[in-house]
Amino acid sequence: MHSLISASLFVSASGILSLIAGFVSSVVIARLLGAEGTGLTALALWVAITGAIVAARGIPAIILRYISRQKDTKAAQNGLVKIYFYKYMWPVLLVSALFLFYGIYVYTTVDTNSAFVWIIAGATCIAYAQGHFVLAAEHGLGQFARAAKKTALGSVLQIPVTLAGAFFFGPAGAMLGYLARHMPQAFGLKQFKAPVETQSVEISDQMVRYGNSNWISIILDSLIKTRVELVFIGMFFTVVDVGYFAAAVTFSSLILQLSFYMAAGLTPGFGKLYDDKATEQLKISYDRSLRWLSLLLLPVSFGGAVIMSELIPFAFGAEFLPAVPIAFILVFFSLPQALYSVTLSAMLAFENDRRLLFMNSVAAASLIILNLVFTPMYGGIGAAMIRGLVGLAIFAWLAMYCYRRLGLAIDLGAQFRILISGLACAATAWFILQQIGGLAGLVIAIPSAAIVYVALLRLTRSIPETDLKIIQNAFENHVPARFKPILKPALSVLGAGSTS
């Protein structure tokens with residue numbers, strides 16, 4: 001469990017920086033380009049990343065899950081990377097070429113700037129795909145600190161490139177920021193080039209089957225957790241409405257991305273416990289991961305939904321007021337979609353990839369059918385409700401399957417106590433904003449709600465003693481000395497300061 005904590009600390013730290021960079025970039029694009037420019041860049045980015053996922057054929061999932069199973073030499077592990085990399089990249093290059101051809105078509109029929117948006121989207125597809133491959137290899141080998149540094153560097157590059165690009169070149173320039181975000185990871189492949197030993201690499205039928213099932217699951221999952229609604233809204237409404245939804249989904253996407261970063265070490269971590277037949281430790285780690293993710297994200301979900309009425313116009317401008325009810329729904333329902341990452345990791349660790357594929361197929365079909373029926377009538381609000389309810393249903397289904405078939409139980413009592421604390425947090429923020437609106441209300445409401453939440457966690461004893469001891473040990477061993485005086489009061493309130 002301690003290795004999972006170290007992985008979470010490294011990946012979460014870089015992930016938070018990545019989220020900040022993504023959020024600031026979204027605000028910059030909204031402020032400089034308006035709803036129409038926001039809609040165009042959001043759609044191009046979604047198509048680029050979806051294209052990379054489609055072309056990947058599940059290979060990053062194979063690398064992540066099985067690279068540590070290779071003979072314990074760097075040469076054999078690098079050999080697995082070499083074998084799969086060439087199989088991985090040629091479809092990615094083919095998809096990227098389609099972006100280039102479409103950009104040339106737009107150049108001759110529409111306008112120059114829109115053409116370059118799609119050409120840069122093609123380059124982003126390549127950078128994202130190669131970077132994702134490298135991160136899968138590094139996470140599979142437990143190199144979380146190395147991967148975190150690349151993520152942090154890309155995040156630092158993203159903001160100035162987005163700002164300068166959007167200011168001088170409009171939507172096409174804004175896309176350069178997303179391209180810069182993935183470049184450091186893409187260049188990390190060189191560490192796997194030598195030494196290489198392909199003859200001893202073990203590629204089993206299970207690995208191939210796992211990759212194929214995971215490929216389809218990831219494609220379907222990307223439809224559920226990303227922005228397929230942009231396609232339906234674009235079909236039935238205008239690019240301005242796409243911009244409203246893109247702005248609204250920014251905050252829920254931050255929560256989902258944060259859950260992804262925090263759970264990045266779970267698939268290889270759970271997988272190692274499963275391979276070692278450490279069943280009891282796997283059960284404990286599963287329940288604890290769900291509890292900790294709830295502890296961190298529930299106040300962000302409930303409290304965040306409450307403050308959307310002030311945060312959306314403050315961040316994006318009064319032009320985006322129609323996005324407020326959409327953002328409220330998306331953020332409120334973001335918690336079960338975030339917890340999905342833990343149940344997903346457990347199922348992948350148990351190699352239940354086919355069952356996961358079936359569940360994702362049902363969820364994706366439901367999402368598409370419901371959007372076709374209700375989005376033309378209710379627009380972005382209807383699409384938001386569909387996303388929230390489908391996400392809640394798929395998490396409940398996954399959690400029940402993990403309990404009944406895999407023997408992985410959730411401490412519902414602890415989750416209920418966390419829920420009570422989160423509701424108190426949201427109620428505090430709502431009350432303050434009712435009395436004091438605007439920026440002043442936000443400045444007071446957010447820290448006040450956080451204080452109430454932490455205090456309620458202590459009063460309801462939401463965190464077990466064993467977890468408090470782990471928090472204390474992680475604090476002593478992993479937190480830099482200069483930050484300890486700042487964080488120690490919060491740990492004392494939780495009760496961790498008194499543990500040994």
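Predicted model: local features only at pLDDT ≥ 70, side-chain atom pairs only at ≥ 80, totals over all residues.
Residues are numbered from 1 along each chain as its sequence is written, and side-chain values use heavy atoms, without hydrogens or water. Local features need pLDDT of at least 70 and side-chain atom pairs count only at pLDDT 80 or more, while totals for chains, interfaces and linings use all residues.

Helices here are DSSP runs of H or I with at least four residues, numbered from the N terminus. The loop between α1 (2–56) and α2 (59–66) holds arginine 57. Most residues other than glycine have a negative phi. Arginine 57 is not a glycine, yet its phi is positive, about 60°. Its relative accessible area is 27%, so arginine 57 is partly exposed; buried means under 20%, exposed over 50%, and partly exposed in between, with a 1.4 Å probe and protein chains only.

Helix α2 itself is largely enclosed by the rest of the structure, because eight of its eight residues are buried. They are Ile59, Pro60, Ala61, Ile62, Ile63, Leu64, Arg65 and Tyr66.

Arginine 291 counts as buried because its relative accessibility is 5%. With neighbours within four places in sequence left aside, arginine 291 is in contact (heavy atoms within 4.5 Å) with Asp411, Ala414, Gln415, Ile418, Ser462, Pro464 and Asp467.

On the surface, a nonpolar patch has about 1000 Å² of accessible area together, and its residues include Val231, Met235, Phe237, Ile368 and Tyr378. Patch residues have over 30% relative accessible area and no salt bridge, and nonpolar side chains are joined within 5 Å. A salt bridge is a side-chain nitrogen of Lys or Arg within 4 Å of a carboxyl oxygen of Asp or Glu. The elements that give two or more residues to the patch are α8 (229–236) and α15 (353–406), and α15 gives the most, with eight. Phenylalanine 237 sits in the loop between α8 and α9 (239–262), and is partly exposed because its relative accessible area is 32%.

The whole structure has 17 aromatic pairs, meaning rings of Phe, Tyr and Trp (its six-membered ring) with centres within 6.5 Å; planes under 30 degrees apart count as stacked, over 60 as edge-to-face and the rest as tilted. The ring centres of phenylalanine 167 and phenylalanine 168 are 5.0 Å apart with planes at 90°, so this pair is edge-to-face. Phenylalanine 167 is exposed at 58% relative accessibility, and phenylalanine 168 is exposed at 60%. Phe85, Tyr86, Tyr88 and Phe133 make up one aromatic cluster.

Conventions. Patch = residues over 30% accessible without salt bridge, like charges linked within 9 Å, V, L, I, M, F, W, Y side chains within 5 Å. Areas by Shrake-Rupley, 256 points an atom, 1.4 Å probe, with all protein chains shown as cover.
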